[in-house]
Amino acid sequence: MKTRHQRGDTHPLTLDEILDETQHLDIGMKQKQWLMSEALVNNPKIDIIDGKYAFKPKYNLKDKKALLRLLDKHDQRGLGGILLEDIEEGLPNAQKAIKALGDQIIFVTRPDKKKILFYNDKSCQFTVDEEFQKLWRSVPVDSMDEEKIEEYLKRQGISSMQESGPKKVIPVQKRKNAHSQRKRKFKTHNNHLDGVLKDYTDVTPGKQ
């Protein structure tokens, strides 16, 4: 399934078509049932589409444009590059497409000999003056760890990146106004009628 996908034959196949291509039409019903109910269904590299089976690569790419978009997106998200073997798995005729892209992509070989593809963002390319390059190379940093570098920067009056972030502002609690805490006094009215008006608080209704 993987080989035919890499050739460009990406359309799904029925079980009988798979057996025909692999020359296994003579298998018994039990084996067919096992393939349908377990082997193909549980295979992470197989997609089931309308009862048919297709290869499921990590990156399903149609052409070189799709590859370039994928590498560009990876680069913008800071995810780095993609293994060449993953590209070859999902892109039909991968080598032809990679060759056509030319210097739009970059190859890097890891210590384990596996190749990684990166998007070549040409907007990041610029020329550094030779004098600055010499100054850069003349600064010894081999024996310095992050703490020593940070200490050196502080001595030079340069703040580290950790100190340049937004500072959290602690809200100031407002003191309650002293006047609002005082018990409000209510003005008594009709003081001039003291002694004239009777108090009917204890009088039973209907009796005076």
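In which loop is Asn93 found? In this predicted model, Asn93 occupies the loop that lies between helix H5 (84–90) and helix H6 (94–101). The residue adopts a positive phi of about 55°, although it is not a glycine. With a relative accessible area of 45%, Asn93 is partly exposed, because exposure requires a value over 50% and burial one under 20%.

A positive phi in a residue other than glycine also occurs at Asp50, where the angle is near 55°. Asp50 is placed in the loop between strand S1 (46–49) and strand S2 (52–55). The relative accessible area of Asp50 is 77%, and the residue is therefore classed as exposed.

With regard to overall architecture, the protein comprises 9 helices and 5 strands. Read from the N terminus, these elements follow the order α-α-α-β-β-α-β-α-α-β-β-α-α-α. The protein has 208 residues, of which 19% count as buried. Considering contacts between residues at least 6 apart in sequence, 49% join residues at least 24 apart.

An open sheet is formed by 3 strands, arranged in the order S3-S5-S4 with antiparallel pairing. Strand S3 (82–83) and strand S4 (105–109) take the edge positions; each has a single partner strand, so one side of each lacks a neighbour in the sheet. Strands of a sheet are paired through backbone hydrogen bonds, in either a parallel or an antiparallel manner. In the pairing of S4 with strand S5 (residues 115–119), which is antiparallel, 5 bridges are found. Within this part of the sheet, Ile106 stands opposite Phe118 of S5. Helix H4 (residues 64–76) packs on the sheet and touches S3, S4 and S5. The direction of helix H4 makes about 80° with that of S5.

At the surface, a nonpolar patch is made up of Phe126, Val128, Phe132 and Leu135. Together, these four residues present about 460 Å² of accessible area.

Note on methods:
Residues numbered from 1 in each chain as written. Predicted model: local features only at pLDDT ≥ 70, side-chain atom pairs only at ≥ 80, totals over all residues. Heavy atoms only, no water. Patch = residues over 30% accessible without salt bridge, like charges linked within 9 Å, V, L, I, M, F, W, Y side chains within 5 Å. Areas by Shrake-Rupley, 256 points an atom, 1.4 Å probe, with all protein chains shown as cover. Salt bridge = Lys/Arg side-chain N within 4 Å of Asp/Glu carboxyl O. Pairing = 2+ DSSP bridges. Helix = DSSP H or I, 4+ residues; strand = E, 2+ residues; numbered from the N terminus. Contact = heavy atoms within 4.5 Å. Axes fitted to C-alpha atoms, helices over the stretch in contact; angles between N-to-C directions. Buried < 20%, exposed > 50% of the residue type's maximum accessible area, 1.4 Å probe, protein only.
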